[in-house]
Amino acid sequence: NGVHYLDITGEISVFEALAARYAEAKGRGVMLLPGAGFDVVPSDCLAAHLNRRLPGAMWLVLGIQALGSVSRGTAMTMLEGIERGEGGMLRRNGALVTVPLGENARQIDFGRGPRPTVLIPWGDVSTAYHSTGIPNIEVYMALPKPLMQAMGAGPLLRWLLKAPGVMDLLKHQVRAGAPGPDANRRARGRSFLWGMVEDDGGRQAASRLTTPEGYSLTTVAALHIVRKVLAGQVKPGYQTPSS
């Protein structure tokens, strides 16, 4: 229809599917810009910032600590990913690589001392590659301790979730819960991001970023991007927030 496309997804499969249609979109003069919310506006901009600080970087590591509860939609997406057998994901030498859930962990200092984090299949594994060209990318998240322990259980967790009725029960509990954090929680919440790049010579650069709570940021970022598009600030083809 010759219409620009925006969304607030954070799913790697969606990013990759749209990136594959770059030439088609450019030929039609339309822009495909997924990830116009918390996934992946702040982390993509942080990746681009780090790439400017250290041109020629070959490794990018991002960390996210989101202080707040998740919405019903986010929780359902996570459960559906587990149900499909999706694990963690990273990028190695330009290629997407799947690793078992909870396989990789590291300590990250978001500004208040080291925190344990675990590798997650966050959208920047796809988008940061298109934004920066950095061929090796990993994204980690600080999660509540019980969830960290569950992810560390690996095969046992996957076996438990495949047991009859377990996934249905979890989905029922999600549907019965609140649709998302209320206005007070969103106003109080903050998200912290950390990123580091490294080149072949061992030089490194690291930066931190603090943002509003994730769902509040999604609203502001998505509307800001819509205003830019309506004002004609458009780059045809597949794009990331930073590009």
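N93 is exposed, with a relative accessible area of 67% (exposed means over 50% relative accessible area, buried under 20%, and partly exposed in between, with a 1.4 Å probe and protein chains only). The model is a predicted one, in which local features need pLDDT of at least 70 and side-chain atom pairs count only at pLDDT 80 or more, while totals for chains, interfaces and linings use all residues. Residues are numbered from 1 along each chain as its sequence is written, and side-chain values use heavy atoms, with hydrogens and water left out.

N93 is located in the loop between β4 and β5 (strands are DSSP runs of E of at least two residues, and helices are runs of H or I of at least four, numbered from the N terminus). Although N93 is not a glycine, its phi is positive, at about 50°. The flanking strands, β4 (residues 88-92) and β5 (residues 95-99), pair in the antiparallel sense over five bridges; pairing requires that DSSP finds at least two bridges between two strands. Within this pair, R91 stands opposite L96 in β5. The hairpin of β4 and β5 has two residues between the strands.

A separate open sheet consists of three strands in the order β1-β2-β11, with parallel pairing. Since β1 (5-6) and β11 (237-238) stand at the edges, each with a single partner strand, one side of each is left without a neighbour in the sheet. Two bridges join β2 to β11, and L32 stands opposite Y238 in β11. In the loop between β2 and α3 lies V40, which is joined to D39 by a cis peptide bond with omega of about 10°.

In α1, the buried residues are I12, F15, L18 and A19. Seen down the axis of α1, they fall within an arc of 135°, so they line one face of the helix; the arc is that of the directions from the helix axis to the C-beta atoms. In helix α8 (residues 166-176), M167, K171 and V174 are buried. These residues cover an arc of only 60° around the axis, which puts them on the same side of α8. On the other side of α8, D168, H172 and A176 are exposed. An α-helix has 3.6 residues a turn, so residues three or four places apart point the same way.

The largest nonpolar core has 33 residues, of which L60, I64, W122, V139 and V197 touch the most other members (a nonpolar core is a set of buried Ala, Val, Leu, Ile, Met, Phe, Trp, Tyr and Cys residues joined through side-chain atoms within 4.5 Å). Two or more residues of this core come from each of α1 (12-19), α3, β3 (59-67), α5 (124-132), β8 (136-141) and β9 (190-198). The contribution of α1 is the greatest, with four residues.

The second largest pocket holds about 340 Å³ of space. On a 1 Å grid over the protein atoms alone, a pocket is an open set of points where a 1.4 Å probe fits, with protein on both sides within 12 Å along at least five of seven lines, and lining residues have an atom within 4 Å of a point. The volume is the space filled by probe spheres set on the points, which are joined across faces, edges and corners. Sixteen residues line this pocket, with L33, H224, I225, K228 and P241 nearest its centre. The elements giving two or more residues to the lining are β2 (31-33), α3 (41-53) and α10 (214-230), and α10 gives the most, with five.
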